[in-house]
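Colleague: I'm new to reading structures, and I'd like to go through one with you. Could you give me the general idea of each feature before we look at the case itself?

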Amino acid sequence: MMAMAVTLSFLLPLAGTLILAFSGGRLGALASSVVGVGSVGLAALATAWAMMAHSGGSEGITLWTWIAVGDFQPTIGLAVDGLALVMMSVITGVGFLIHLFAAWYMTGEEGITRFYAWMNLFVFSMMLLVLGDNLLLLFLGWEGVGLCSYGLIGYYYQGSANGWAAFKAFVVTRIGDVFLALGLFLIFMELGTLDIQQLLALAPQQWQEGSTTANLAALLVLGGALGKSAQVPLHTWLPDAMAGPTPVSALIHAATMVTAGVYLIARLNGLFLLAPDVLLLVGVIGAVSLLLAAFAALAQTDIKRVLAYSTMSQIGYMFVALGVGAFDAAIFHLVTHAFFKALLFLSAGAVIISCHHEQDMRRLGGLWRKLPVAYGGFLVGGAALVALPLVSAGFFSKDEILWQAMAADQTGLLIVGLLGAVLTGIYTVRLILGTFHGEPGHGEPGSDHARHPEPGTNPLTHHLPLIVLAALSTFIGAWLYPGLGGLFPDAPGEAAETGHTLLQVLAMGAAIAGLLLAAWLYLWRRDWLAKKAGEGIGARLWTLWHHAWGFDALFDRVLVLPWQWVVKVLRVDLVNLVMNLPALLARALNAGLVKSQNGRVRSYALVMVLGATIILLALAVLPGGLA
Amino acid sequence: MILVWLILIPFVGGLLCWQADQWGDRAPRWIALATMLFVLIISLVLWVTGDFALPGEVTRHWLLEWRTSWIPRFGIEIHLAMDGLSLILVALTGFLGALAVLCSWHEIDHRVGFFHLNLLFILGGVVGVFLALDLFLFFLFWEMMLVPMYFLIALWGHSGSAGQTRIRAATRFFIYTQASGLLMLVAILSLVFVHYSNTGELSFSYDTLLDTDVPEALAPWLMLGFFVAFAVKLPVVPFHGWLPDAHAQAPTAGSVDLAGILLKTAAYGILRFALPLFPEESQAFAPVAMTLGLVGIIYGAVLACGQQDIKRLIAYTSISHMGFVLIALYSGSELAIQGAIILMVAHAFSSAGLFILSGQLYERIHTRDMRIMGGLWGRIPVLPGFTLCFVAASLGMPATANFVGEFMVLFGTFPNAPVVVVIASVGLVLAAIYSLLLMQRVHYGPEYRQGALRGPDAREYGMMLVLLVLTVMVGLYPQPILDITAPIAGPAAELFQQAGAELASRAGEVN
């Protein structure tokens with residue numbers, strides 16, 4: 001039963017892809033949507049079935065042996081345990097709601113078939129990623145997710161910028177993937193297996209805690225996680241990835257793909273526990289990303305880019321949780337984040353379509369009366385994002401992370417987390433006020449589309465996904481999380497109990513402080529703020545944060561420009577030019593000798609006499625000559 | 001006897017095509033197609049019925065063998081033999097040969113009979129190379145591939161950019177291959193004479209020469225003679241100068257054969273001759289060979305990024321991919337050598353796919369210059385999707401054969417040469433860059449010209465689909481190939497390791 005359900009849950013989206021890809025355009029928009037949405041809906045049902053059939057522990061399903069050469073025996077095999085099931089539910093559940101909403105969002109676009117083919121393939125790849133029982137199969141899903149994200153970011157192919165954004169996303173994440181691949185090579189060489197359970201059992205026997213090999217292996221795996229999860233320094237692709245349709249941003253760049261790195265580290269927790277330094281590095285990178293992204297989100301004007309940076313920031317929180325060894329807290333936040341970030345992106349999508357692809361906050365405003373459903377989505381999602389105490393899902397998961405950081409005595413990470421919470425409050429309020437309140441354009445000539453938005457009315461494809469996700473973003477979503485305590489080693493907070501209340505007060509205080517500060521800044525000191533941001537150090541900070549601390553410019557100078565220079569210099573194939581020298585030499589000799597054959601007796605006679613003289617001279621001069 | 005037929009069928013078919021010209025253009029095409037399918041079917045039947053169990057005894061075990069005396073005075077025989085490796089490559093030749101005929105169905109419109117004669121003669125020569133065990137016969141077939149290829153490029157080729165004529169490309173191809181072939185001939189003859197002076201017996205037979213005791217001073221040079229000939233064909237930087245021109249200027253069928261099969265004769269040659277004949281020298285030479293492989297991976301990728309001609313771009317990617325094969329062959333790891341074989345098959349599929357696609361593109365927009373493409377995704381149905389699939393294969397996307405090959409190579413090589421693998425992995429990122437550059441320049445962006453173009457017909461669609469299905473099948477279940485090449489890869493790796501141990505012990509004695 002179990003095997004059947006699990007197999008169906010990932011084969012159905014694949015079947016959807018194949019049907020759509022080979023329909024050759026014969027399917028209309030409606031039929032494509034039905035196939036695309038239906039396959040993921042059925043996969044979600046299959047996942048629910050698998051959850052009910054699951055009896056605890058880990059169950060393996062080996063389909064076939066992928067490659068068998070000597071000891072190298074990776075399989076196409078699945079391992080189903082609590083973690084996999086939680087991930088599967090998020091992927092298919094949230095994925096289904098996003099697919100459903102996309103049917104509304106994509107109405108009238110050309111290439112619906114292509115859109116759903118990619119979306120289904122994405123769900124399939126992501127399912128394989130979380131189900132694979134060995135690292136090579138996980139890598140298949142891992143790369144598949146990257147390819148789908150390439151196809152979907154570049155969905156609007158007519159604009160070259162979209163194509164380049166897709167290109168950048170693929171190449172930057174691929175750099176991370178190469179680190180992961182090297183990690184795989186190292187793990188296989190040292191432990192002789194890629195099976196996740198086996199390697200987690202073998203690693204503690206073979207490796208000393210903190211040994212070079214363990215550190216190196218963990219570091220390489222971390223490199224892969226940084227790329228997919230958009231953490232510093234491999235994060236630059238995420239904001240550009242907003243070039244795709246908004247449901248894509250919701251599915252890939254918020255709810256699932258970017259969490260793959262968190263999943264990977266949680267899955268290989270035993271490996272990271274053998275490398276405490278690297279584990280701490282995970283937390284530090286998370287903290288750095290969290291802060292950098294939160295500041296960058298303060299200075300964006302595109303509503304999707306604000307959400308993109310908030311995603312990076314929230315994943316930073318998950319990395320902080322991983323870094324202090326609280327794997328369960330990381331997965332908890334992954335789940336709640338998937339709910340509320342999908343909600344926020346879909347609500348943003350509702351705004352964008354209603355306002356005819358206007359997504360600049362400066363030109364929007366005053367929409368709250370005209371787009372009540374989207375506004376509601378933003379309010380609930382925003383509340384979860386800022387972790388509004390007690391009522392939102394985000395509060396419970398973020399509180400857990402901060403508490404674990406405190407229990408692990410990582411005061412630095414704790415302070416960064418609290419500071420991040422304040423910043424989150426500020427940028428969220430700014431986002432909601434800028435989009436829904438005030439007047440369109442906020443005093444400037446705004447968008448006409450924002451004055452006369454066309455609200456979504458379809459109850460099935462517009463309202464339903466938003467309402468369900470909104471419900472999940474409240475404390476209900478936090479209650480639904482089953483908890484995976486038994487799967488992971490004990491988190492630091494298990495032992496300690498003192499101080500939890502103090503921390504909750506602190507966390508609530510941080511969130512509320514952020515909200516109040518933002519309200520004060522954006523409601524009462526608006527003009528003062530605008531003035532400060534327009535001149536002197538304020539303007540400089542604005543530029544710096546608007547460009548997300550200038551990582552793009554830095555990488556352009558350090559990597560892209562030298563690379564382009566090398567490509568340009570080598571375009572003529574310098575090595576080949578050297579290899580052409582014999583040919584050139586032969587041609588030069590030929591030219592010289594051709595000249596000597598001029599047909600004039602005079603010159604032949606001259607050359608002959610000259611030659612004879614030289615020979616005679618040589619004979620005379622050389623020792624023993626003419627004798 | 002069936003081995004003789006495998007070689008003869010393409011030659012007979014070629015002559016028939018030539019004569020069939022008088023019955024119109026269609027006759028040679030059908031005859032050529034039937035001929036190559038015949039070769040393919042024979043090899044598939046052999047594959048299904050063959051017994052590929054690991055050889056139990058020490059002597060080499062061939063699936064099929066056929067020998068008869070040819071020039072007894074010099075000890076030259078017609079000695080053909082087939083094992084798993086040659087079987088796969090012969091099957092691949094039949095398959096790509098059929099594709100080459102199909103993809104030039106409308107492209108070639110003059111001297112159709114003579115075109116197919118040349119095409120089939122190349123393929124006949126290639127089958128000969130894969131089956132010949134007598135070194136003289138091997139050299140004969142090795143040279144025999146050359147001449148018809150020269151005509152193919154010179155008579156039916158395209159003129160390239162910057163004054164590169166097809167004649168020049170053909171001449172360059174000929175000179176490179178011919179000159180390096182002569183080095184191999186010298187090496188073969190020296191080997192035979194060394195054996196003669198040792199035993200008083202003149203023989204070109206592979207089995208006999210395998211045990212020849214070559215003087216230590218001479219052996220590295222003979223090994224180099226073989227290596228250079230194969231390095232030119234593979235190609236290894238800096239001997240790659242002929243490849244971009246030949247690929248770009250050849251007709252589609254020529255490019256498919258060049259990339260798909262002719263490059264593989266070099267890898268086959270290294271695995272069959274250079275390594276077993278000179279194991280210790282090869283072992284000592286391995287660091288150099290691996291370095292050359294790395295240079296090829298990086299250099300080929302960088303150059304691919306700078307190309308404007310779509311076929312030249314694909315041609316340079318071949319250099320990059322063959323770098324992985326070269327590293328694997330000199331790694332002394334069974335896993336890596338098996339990976340190299342998979343990668344050879346995978347590269348044959350993916351590069352053939354890309355070349356056929358660029359041929360189909362050329363038939364529609366009459367250019368190969370990527371600067372005047374762009375936005376084709378909206379103008380041509382289906383083809384951009386296929387392009388993305390083969391591009392994904394070329395950059396080593398998992399679930400394609402290329403991934404299996406590349407990763408087996410890297411997994412296998414890592415324990416022996418981790419630094420090499422780390423540098424080679426950079427090639428994975430570069431592969432993503434050049435592959436997606438192709439997509440970006442050709443299919444993304446604003447439309448360079450307006451107007452819809454016709455989609456693929458059944459023939460074009462069928463070719464793409466078959467290639468794609470095969471790529472994914474090998475990518476998800478490579479075991480049928482791995483099973484029949486295990487008896488070759490295992491001993492090759494073992495031989496290499498023994499040679500390494502021997503070298504080490506000898507070095508110990510000296511110290």
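Colleague: What should I know about the labels and the model before we go on?

Modeller: Residues are numbered from 1 along each chain as its sequence is written, while chains are lettered from A and ligands numbered from 1 in the order in which they are written. As this is a predicted model, local features need pLDDT of at least 70 and side-chain atom pairs count only at pLDDT 80 or more, but totals for chains, interfaces and linings use all residues.

Colleague: How many helices and strands does chain A come to?

Modeller: Helices (H or I, at least four residues) and strands (E, at least two) are DSSP runs, numbered from the N terminus. Chain A comes to 28 helices and two strands. Its C-alpha atoms fill a box of roughly 115 × 65 × 55 Å along the principal axes.

Colleague: And what does the secondary structure of chain B come to?

Modeller: For chain B the tally is 19 helices and two strands. Chain B has a radius of gyration of 22 Å, close to the 24 Å that the globule rule gives for 511 residues, so it is as compact as a globular protein of that length. That radius is taken over C-alpha atoms, and the globule rule is 2.2 Å times the number of residues to the power 0.38. The box filled by the C-alpha atoms of chain B is roughly 75 × 55 × 45 Å, again along the principal axes.

Colleague: What makes a residue buried or exposed?

Modeller: You count neighbours: a residue is buried if 20 or more other C-beta atoms lie within 10 Å of its own, exposed if 12 or fewer, and partly exposed in between, with C-beta atoms placed from the backbone. Of the 627 residues of chain A, 55% count as buried. For chain B, 61% of the 511 residues count as buried.

Colleague: Why is A:Ala102 buried?

Modeller: A:Ala102 is buried because 28 other C-beta atoms lie within 10 Å. This residue lies in helix α3 (residues 82-105) of chain A. Leaving out residues up to four places away in sequence, A:Ala102 touches A:Met119 and A:Pro247. Also, the C-alpha atoms of A:Ala102 and A:Val248 are separated by 8.6 Å, although the two are 146 residues apart along the chain.

Colleague: Where do A:Pro247 and A:Val248 belong?

Modeller: Both are among the buried residues of α10(A), which also include A:His253. Ten of the ten residues of helix α10 (residues 246-255) of chain A are buried, so it is largely enclosed by the rest of the structure. Those buried residues pack against α3, α4 (112-131), α5, α9 (237-240), α14 (303-323) and α15 (327-354) of chain A.

Colleague: Which residues of helix α7 of chain A are buried?

Modeller: In α7 (residues 196-206) of chain A they are A:Ile196, A:Leu199 and A:Ala203. Seen down the axis of α7(A), the buried residues fall within an arc of 55 degrees, so they line one face of the helix. The arc is that of the directions from the helix axis to the C-beta atoms. These residues pack against elements of chain A including β2 (75-80) and α11 (260-267).

Colleague: How many bridges join the strands of chain B?

Modeller: Two strands pair if DSSP finds at least two bridges between them. Here seven bridges join strand β1 (residues 64-71) of chain B to β2(B), and the strands run antiparallel. B:Leu64 has B:Met82 of β2(B) as its bridge partner. The hairpin of β1(B) and β2(B) has four residues between the strands, and in that hairpin B:Gly75 takes a positive phi near 70 degrees. Six of the seven residues of strand β2 (residues 76-82) of chain B are buried, so it is largely enclosed by the rest of the structure.

Note on methods. Contact = placed C-beta atoms within 7 Å.
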